[in-house]
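Hi everyone, thanks for coming. Let me put the structure up, and then we'll walk through one residue and its surroundings.

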Amino acid sequence: MSLQNKTVICLLDDEFEDLELWYPVYRVREAGATVLYAGPEKGRKHIGKYGVPAVADLSFDEVNGNDIIGLLVPGGWAPDKLRRYPKVLELVRELNAEDKPIGQICHAGWVLISAKILEGRTVTSTPGIRDDMENAGATWLDEAVVVDGNLVSARRPPDLPPYAKAFVDALTQRMG
């Protein structure tokens, strides 16, 4: 099933991990979907940990969960900022309730923890937040990629190829 005319949102704030943002975005775009960046303010430029900029296409308040088929949450230090926005947490809970794919890598698990959607789920993340994930009620696995229903999680940049593939597969299955 083609992802043409479908939209995925990638959350954006300062100090995202550059590879963890760009690699999955390009893979989803290659699969035919549009990926838009949502940040605190529309048009604001955010700089990754290694200096690569990305500009918010939309503000968090402009994102309508009905208009998108999935969500990407990059790692780095951005997730610690992202989880402080009520609209981000509301969006994560909404998409999770609708069983829409949510991709998270590395420290991005912090956003899912703050959205309180990990109870009884199986995930992975950077080992540095394993305790946080488990304390939120998740079963944590030390694997490159873990897929549990609509949640697609990965540990760190070396896991990007299987993570991006698993996320695109989840989007495609959702459309099929």
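Let's start with tryptophan 22, which is buried at a relative accessible area of 16%; buried means under 20%, exposed over 50% and partly exposed in between, with a 1.4 Å probe and protein chains only. Before going on, a word on the basis: this is a predicted model, where local features need pLDDT of at least 70, side-chain atom pairs count only at pLDDT 80 or more, and totals for chains, interfaces and linings use all residues. Residues are numbered from 1 along each chain as its sequence is written, and side-chain values use heavy atoms, leaving out hydrogens and water.

So what about aromatic pairs? Rings of Phe, Tyr and Trp (its six-membered ring) pair if their centres lie within 6.5 Å, with planes under 30 degrees apart called stacked, over 60 edge-to-face and the rest tilted. That rule gives 4 aromatic pairs.

Tyrosine 26 is partly exposed, at 44% relative accessibility. Ring pairs also bring in Tyr37, making a cluster of Trp22, Tyr26 and Tyr37.

Zooming out, the protein has 6 helices and 11 strands; these are DSSP runs numbered from the N terminus, helices being H or I with at least four residues and strands E with at least two. Of its 176 residues, 53% count as buried. Along the principal axes, the C-alpha atoms fill a box of roughly 35 × 35 × 30 Å.
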